[in-house]
Amino acid sequence: MTVHPQPQPRAADRPRRKVFVKTYGCQMNVYDSQRMADALERDGYLPTSLAEEADLILLNTCHIREKAAEKVYSELGRLKKIKERRAGAGRATLIAVAGCVAQAEGEEIIARAPVVDLVVGPQSYHRLPEYLGRAAAGEAVVATDFAIEEKFASLPRPTAGRTRARGVTAFLTVQEGCDKFCTFCVVPYTRGQEVSRGVAQIMDEARRLAEAGVREITLIGQNVNAWHGQGPGGGRWRLADLLHAVAGIAGIDRLRYTTSHPIDMDEGLIAAHRDIAALMPYLHLPVQAGANRVLKAMNRHHSRDDYLDIVARLRAARPDVALSGDFIVGFPGESEAEFAETLDLVDAVGYASAFSFKYSPRPGTPGADLPGQVPEPVKAERLARLQERLNAQQFAFNQACVGRRTDILIEKPGRRDGQLAGRSPWLQTVIVDAGAGRIGDIVSVRITGAGPNSLTAVVDR
Ligand code: SAH
Ligand code: SF4
Ligand code: F3S
């Protein structure tokens, strides 16, 4: 006798629960949130942008500075009220904390905010459905193991439908974790060792993105230029080789990569900026500080001149390359004269954009225990001076674009009706009239105006 298997209810036939995801921090978290949302969708959850109607609330958190971590607790306070209101109406809500605060603080989170049902670190996302099941049964689940290859292998890949809904640009994680141990930084502790994804997996994901209509891919990693792998012929590949391969995929017209560490800017990668037309002339290359003593105390492994030399070689390879950077002011022991060297480096480089922060002592990092912690008002004053200079450079860079012809990738509707928003090769937002093209088009434009944070343009016919 043949036994016919009982038809299983498909996920789509079950009542749809809803999930609200809130993401903090860097691109790695943005990427992970999307993969988690995909995994949850497979498990029957529909995404919602309203916490009030969510059966599952997922916070993907960042631990990089104290402010970022504290935001999570104030959000949990707000969510507690929502959970109580929903419980009053007979509806259960699960609250999960993922990301770097989850990894760094583990069960402390539940001790401090008992409203949390599940704490899950970045290396355990592929087991989310199982953990949610246990949390729903009343267990306080804390999952903070490191097993990164398993995560990459088991999280769902982007599919055409899901990706199409998300747009014409996409992040693709190629590398995770960090072994550099800058003395201010929590990432090596929250994300674990540097791990590179394999070439075949990356190429497969890039092709799927292209098939789904993505035209611009940004390869991401905490130290993306430390990526290494094995090419199809068995040879050792560096990031430049991978960029060449991804640039060869039909439909992928633009490529970027971030974030890079200066010590991994090898010759091949610099040459890639000259040789790969699809590689956009823009590089985010954090330097943190301009004084050699501070760079050394930060354990950055390069000098001020090393950094300036990389910038010079990049510009020789690709004269129109624009730079962006990260800066920390008030690292322990930073003197006024040393801070002035940061300002001086900013002048020497000329940045198109930048991120700058007050040093935030992070528990467990060597910097937190160094003598000479800089008082808060001094940090605030230095940050203001640095930002004034960086903002002026950004505005000057934008103004220098006026009159230029360039291509933009149209990404989304503009904030006003009748407008579209695109991106220049230098990552500037460019506003054009809706008649300029459709989302996903790359159109040739002439820049007509510049503000501090965006440009306007007309189609160049
Ligand atoms: N891997 C990247 C940076 C990751 S963190 C790199 O090495 O460049 C992003 C930025 O946050 C850093 O570049 C640094 O500028 C800032 N940052 C990290 N830890 C910080 C801390 N403790 N206080 C203030 N800023 C910090
Ligand atoms: Fe943090 Fe330094 Fe690693 Fe960047 S390179 S993630 S700043 S430890
Ligand atoms: Fe924050 Fe973790 Fe990214 S600490 S910056 S979310 S790697």
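1. Which polar side-chain atom lies 3.1 Å from an oxygen atom of ligand 1? The atom belongs to R65. Note at the outset that this is a predicted model.

2. Two further polar pairs involve ligand 1. Q288 places a polar side-chain atom 2.7 Å from an oxygen atom of the ligand. Q222 uses its backbone instead: an N or O atom there lies 2.7 Å from a nitrogen atom of ligand 1. Of the 540 Å² that ligand 1 exposes when taken alone, the protein buries 90%.

3. The shell around ligand 1 holds 15 residues. The closest are F184, Q222, Q288, D326 and S360. Two elements, β15 (322-329) and β16 (353-358), each give two or more residues to this shell. By class, six residues are nonpolar, four are polar and five are charged.

4. Ligand 2 has its own surroundings. These are C178, K180, F181, C182, F184, C185, V187, P188, N223, H261 and R300. Seven of the shell residues count as nonpolar, two as polar and two as charged.

5. Ligand 3 is surrounded by C26, N29, T61, C62, H63, I64, C100, V187, R191 and Q222. That shell divides into five nonpolar residues, four polar ones and one charged one.

6. Two backbone details deserve a look. F181 has phi near 50°, a positive value in a residue other than glycine. Elsewhere, T258 and T259 are joined by a cis peptide bond, with omega about 0°. T259 falls in the loop between β13 (254-258) and α11.

7. Now the helix packing. Such pairs are described by the angle between the axes and the distance between them. Helix α10 (residues 239-247) packs on helix α11 (residues 267-275) at about 25°, with the axes 8 Å apart. The two helices are therefore roughly parallel. From α10, the contact uses L239, A240, L243 and H244; from α11, it uses G268, L269, A272 and D275. Five of these contact residues are nonpolar, two are polar and one is charged.

8. One partner is α13 (residues 304-317): the axes come within 11 Å and cross at roughly 10°. That angle makes α13 roughly parallel to α14. On the α13 side are R304, Y307, L308, V311 and R315; they meet E341, D344, L345, A348 and V349 of α14. The contact has six nonpolar residues, no polar ones and four charged ones.

9. The other partner is α15 (residues 376-400). Its axis and that of α14 (residues 336-349) come within 10 Å and cross at roughly 10°. So α14 is roughly parallel to α15 as well. α14 contributes E336, F339, T342, L343, V346 and D347. α15 contributes R382, R385, L386, R389, L390 and Q393. By class, this contact has five nonpolar, two polar and five charged residues.

Definitions and conventions: Residues numbered from 1 in each chain as written. Chains lettered and ligands numbered in written order. Predicted model: local features only at pLDDT ≥ 70, side-chain atom pairs only at ≥ 80, totals over all residues. Heavy atoms only, no water. Near = heavy atom within 4 Å. Polar contact = N/O pair within 3.5 Å; in protein donor to acceptor, adjacent residues only side chain to side chain. Areas by Shrake-Rupley, 256 points an atom, 1.4 Å probe, with all protein chains shown as cover. Helix = DSSP H or I, 4+ residues; strand = E, 2+ residues; numbered from the N terminus. Nonpolar A, V, L, I, M, F, W, Y, C, P; charged D, E, K, R; others polar. Axes fitted to C-alpha atoms, helices over the stretch in contact; angles between N-to-C directions. Parallel < 35°, antiparallel > 145°, perpendicular 65-115°, else oblique. Contact = heavy atoms within 4.5 Å.
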